[in-house]
Amino acid sequence: MLGLARRRIASKGYSSSIFGRARASGLSNTGSLVEKEIINHSRGCASIRSLSYLVPSGQLIHTKPMREVFRIQNCDIALKAWSRTFSSDSGDVVDAVVPYMGESITDGTLAKFLKNVGDNVTVDEPIAQVETDKVTIDVTSPEAGVIVKFIAKEGDTVEPGAKVAVISKSGEGVTAHVAPSQTPSPPAEKVSEEKPKTKVDAAPVKKKPQAPPPSPKRSASEPQLPPKDRERRIPMPRLRKRVATRLKDSQNTFAMLTTFNEVDMTNLMKLRSDYKDAFVEKHGVKLGLMSGFVKAAVYGLQNQPIINAVIDGDDIIYRDYIDISVAVGTPKGLVVPVIRGPDTMNFAEIEKTINSLAKKANDGTISIDEMAGGTFTISNGGVYGSLLSTPIINPPQSAILGMHSIVTRPMVVGGNIVARPMMYLALTYDHRLIDGREAVFFLRRIKDVIEDPRRLLLDI
């Protein structure tokens, strides 16, 4: 009889071997468990009060209790099943969870939902955004379907693997969520019936409006503060808090000193003007000024390797590789993607890499790996019109180069006053490691290469 029971249960998709283990112990050691109870109604049939079977991989079960009855020939055994777990037997309901964020990130803030309850979603379509200390990460839908409900709320702190939303592949079980302010009010007729009826014997007495109390007189020396209703208070984004912390730590840790120089941009701008059309036609990308400064920085770092080094405790770490970080301002804050191995790249490869990283940074799709590392940073404040500034070192690096706007100024060339496109350069460095001599030599190397790009070809 039990063999027949095994075959019947196997026909439902459950393993007969699991039935045997459940008969012996009432438990299954793997998978999702569903409690069963078999009631013996005739002689000669084994009585099993409790049974657990394993849900096949990928199969989900109903959230509501369900009852199943099996009738076995020649033995009146009623199999009554109750189950209560987290999903549907047909695999209809799936959860959207927070993805892995990176080794150095343990949690984030659920910034906003991109969809509403009841919206249709496709596979891998973003439904929410999680803001971390470094990047914004999308929470995507694992299956196509309809959003049933949101589990987390905007502003919640979530960890990788945390459930954010429940999605129904068939669209069943979707309920509209009504905000507290949108709760329907009872009919006006019913409200009027519920109010006690009172008899008015006399006409209401009209009260004279009282004059507002006089405002206190302010002394001439008392400051006139603006009203509080003209101020707005919003939570600081995690990315902005992270940037603020790192910059303040940089000021507290490094002995920062900035040295300046000016560079004549005539020859580099002429080079770009002469070959910009041929460059776009061959490489499919515009020739900008940043690639020239990246190559000049590589040239300077190779000439002054101490600029590429870093202090670690009581040791100095010299790095025999060069990765250039490029500061990119985004609406959510400053991010610093890394160009890896620019010493092995040509101008076209550098320009393509910069464009790709800048686009990802502004779209919020840049990854943690694309911002990790970096041995030296270039910040171009000139794109915003900055004439001069003192950049702050990007930890754990030891120096940063600041570019500024190009301004045509009168310069003395060969004894004559001529108009030249000039740019101020600023190098901020850690004076604990780098002396002024090395810093000035490094900045002069960049000036020489920019003013005469042929030096890159001749390596002089």
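These notebook entries record what I looked up in a predicted model of a protein chain.

**Entry 1: the chain overall.** I began with the secondary structure and found 9 helices and 22 strands in the protein chain. I then looked up burial: 37% of the 460 residues count as buried. For the accessible surface I noted about 28100 Å², with 52% of this area belonging to carbon and sulfur atoms. I also looked at contacts between residues at least 6 apart in sequence, and 63% of these join residues at least 24 apart.

**Entry 2: the nonpolar cores.** I turned to the largest nonpolar core, which has 40 residues. Its members that touch the most others are F293, I324, F376, I378 and L425. I listed elements that supply at least two residues each, among them α6 (290–303), β15 (323–326), α7 (347–363) and α8 (436–451). The helix α6 gives the most to this core, with 8 residues. I also recorded a second, separate core of 28 residues, which includes V121, V139, V328 and A361.

**Entry 3: I324.** Leaving aside residues up to four places away in sequence, I found that I324 touches V294, V298, L301, P337, V338, I339, P342, F376 and I378.

Entry 4: I traced an open sheet of 4 strands, with antiparallel pairing, in the order β8-β7-β5-β10. Because β8 (136–140) and β10 (157–158) stand at the edges with a single partner strand each, one side of each has no neighbour in the sheet. I then examined β7 (residues 126–131), which pairs with β8 in the antiparallel sense over 5 bridges. Within this pairing I noted that V130 has I137 in β8 as its bridge partner.

Definitions and conventions
Residues numbered from 1 in each chain as written. Predicted model: local features only at pLDDT ≥ 70, side-chain atom pairs only at ≥ 80, totals over all residues. Heavy atoms only, no water. Core = buried A, V, L, I, M, F, W, Y, C linked by side-chain atoms within 4.5 Å. Buried < 20%, exposed > 50% of the residue type's maximum accessible area, 1.4 Å probe, protein only. Contact = heavy atoms within 4.5 Å. Areas by Shrake-Rupley, 256 points an atom, 1.4 Å probe, with all protein chains shown as cover. Pairing = 2+ DSSP bridges.
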